[in-house]
Amino acid sequence: MGKVNGRGIPIDYSATINMEGIESIVDAVGGISIENELDFHVDDHVFPKAEIQLDGEVALI
(Lines give C-alpha, C1' and ligand atoms only; values in the text may rest on other atoms or scores of the structure.)
Protein backbone atom coordinates (compact mmCIF):
# COMPACT_ATOMS: atom_id res chain seq x y z
CA MET A 1 0.00 0.00 0.00
CA GLY A 2 1.24 3.53 -0.85
CA LYS A 3 1.12 6.66 1.26
CA VAL A 4 -2.11 7.65 2.97
CA ASN A 5 -2.93 11.06 4.41
CA GLY A 6 -4.30 11.63 7.93
CA ARG A 7 -7.88 11.02 6.75
CA GLY A 8 -7.11 7.68 5.19
CA ILE A 9 -7.15 9.01 1.62
CA PRO A 10 -4.48 7.42 -0.59
CA ILE A 11 -1.80 9.73 -2.02
CA ASP A 12 -0.72 8.56 -5.44
CA TYR A 13 2.04 11.11 -6.06
CA SER A 14 4.13 13.50 -4.00
CA ALA A 15 7.05 15.85 -4.60
CA THR A 16 9.75 17.44 -2.48
CA ILE A 17 10.93 20.92 -3.41
CA ASN A 18 13.45 23.31 -1.85
CA MET A 19 13.10 27.09 -1.54
CA GLU A 20 15.02 27.73 -4.76
CA GLY A 21 12.52 25.51 -6.53
CA ILE A 22 9.61 27.54 -5.17
CA GLU A 23 11.29 30.75 -6.33
CA SER A 24 11.71 29.27 -9.83
CA ILE A 25 8.09 28.10 -9.98
CA VAL A 26 6.74 31.50 -8.90
CA ASP A 27 8.92 33.21 -11.54
CA ALA A 28 7.87 30.67 -14.21
CA VAL A 29 4.19 31.52 -13.75
CA GLY A 30 4.87 35.26 -13.88
CA GLY A 31 4.75 35.89 -10.12
CA ILE A 32 1.91 35.72 -7.63
CA SER A 33 -0.76 38.23 -6.63
CA ILE A 34 -1.39 38.71 -2.92
CA GLU A 35 -4.14 40.73 -1.23
CA ASN A 36 -1.98 42.28 1.49
CA GLU A 37 -4.05 43.42 4.48
CA LEU A 38 -1.26 45.28 6.33
CA ASP A 39 1.36 47.87 5.42
CA PHE A 40 4.81 46.60 6.42
CA HIS A 41 8.43 46.50 5.31
CA VAL A 42 11.23 43.95 5.49
CA ASP A 43 14.74 45.27 4.93
CA ASP A 44 14.50 47.36 1.73
CA HIS A 45 11.17 45.87 0.59
CA VAL A 46 7.93 47.79 1.21
CA PHE A 47 4.65 45.87 1.16
CA PRO A 48 1.69 48.29 1.01
CA LYS A 49 -1.86 47.44 2.04
CA ALA A 50 -3.19 46.55 -1.41
CA GLU A 51 -3.18 43.78 -3.97
CA ILE A 52 0.52 43.34 -4.74
CA GLN A 53 2.43 41.31 -7.32
CA LEU A 54 5.47 39.38 -6.07
CA ASP A 55 8.25 37.68 -7.99
CA GLY A 56 9.86 34.49 -6.72
CA GLU A 57 12.62 36.19 -4.72
CA VAL A 58 10.33 38.63 -2.92
CA ALA A 59 7.62 36.01 -2.33
CA LEU A 60 10.05 34.09 -0.10
CA ILE A 61 10.80 37.02 2.20
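The legends below accompany a series of views of a predicted model of one protein chain.

Figure 1. Along its principal axes, the C-alpha trace spans about 50 × 25 × 20 Å. Of the 61 residues, 15% count as buried. Among the contacts in the chain with a separation of 6 or more, 22% are accounted for by residues 24 or more positions apart.

**Figure 2. The surface of the chain, with a nonpolar patch that includes Ile22.** The accessible surface of the chain comes to about 5,300 Å², and carbon and sulfur atoms hold 53% of this surface. A nonpolar patch of about 460 Å² is made on this surface by Ile17, Met19, Ile22, Ile25 and Val29.

**Figure 3. The stacked rings of Phe40 and Phe47.** A pair of aromatic rings is described by the distance of the centres and the angle of the planes. The count of aromatic pairs in this model comes to 1. In that pair, the ring centres of Phe40 and Phe47 are 4.8 Å apart and the ring planes stand at 20 degrees, so the pair is stacked, given that planes under 30 degrees apart count as stacked. As for accessibility, Phe40 is partly exposed, with a relative accessible area of 39%, whereas Phe47 counts as buried at 6% relative accessibility.

Figure 4. Val46 lies in strand E5, which is formed by residues 45–47, and it counts as exposed at 65% relative accessibility. If its neighbours within four places in sequence are left aside, Val46 is in contact with Phe40 and His41. Asp43 has its place in the loop between strand E4, residues 40–42, and strand E5. The backbone of Asp43 has a positive phi of about 55 degrees, although this residue is not a glycine. At 70% relative accessibility, Asp43 counts as exposed.

**Figure 5. Leu38 in the loop between strands E3 and E4.** Leu38 lies in the loop that runs between strand E3, residues 32–36, and strand E4, and at 61% relative accessibility it counts as exposed. Residues up to four places away in sequence not being counted, Leu38 touches Phe47, Pro48 and Lys49. For one of these residues, Pro48, the separation from Leu38 is 10 residues in sequence and 6.8 Å in space, taken from C-alpha to C-alpha.

Figure 6. Val58 is found in helix H2, which is formed by residues 56–59. At 16% relative accessibility, Val58 counts as buried, because its value lies under the limit of 20%. When residues up to four places away in sequence are not counted, Val58 touches His45 and Phe47. Val58 and Val26 are 32 residues apart in sequence, and their C-alpha atoms are 10.0 Å apart in space.

**Figure 7. Pro10 in strand E2, shown with Lys3 and Val4.** Pro10 has its place in strand E2, which is formed by residues 10–11, and it is exposed, with a relative accessible area of 54%. Not counting residues up to four places away in sequence, Pro10 touches Lys3 and Val4. The C-alpha atoms of Pro10 and Val58 are separated by 35 Å, and these two residues are 48 residues apart along the chain.

Key
Residues numbered from 1 in each chain as written. Predicted model: local features only at pLDDT ≥ 70, side-chain atom pairs only at ≥ 80, totals over all residues. Heavy atoms only, no water. Buried < 20%, exposed > 50% of the residue type's maximum accessible area, 1.4 Å probe, protein only. Contact = heavy atoms within 4.5 Å. Areas by Shrake-Rupley, 256 points an atom, 1.4 Å probe, with all protein chains shown as cover. Patch = residues over 30% accessible without salt bridge, like charges linked within 9 Å, V, L, I, M, F, W, Y side chains within 5 Å. Salt bridge = Lys/Arg side-chain N within 4 Å of Asp/Glu carboxyl O. Helix = DSSP H or I, 4+ residues; strand = E, 2+ residues; numbered from the N terminus. Phe/Tyr/Trp six-rings, centres within 6.5 Å; stacked < 30°, edge-to-face > 60°.
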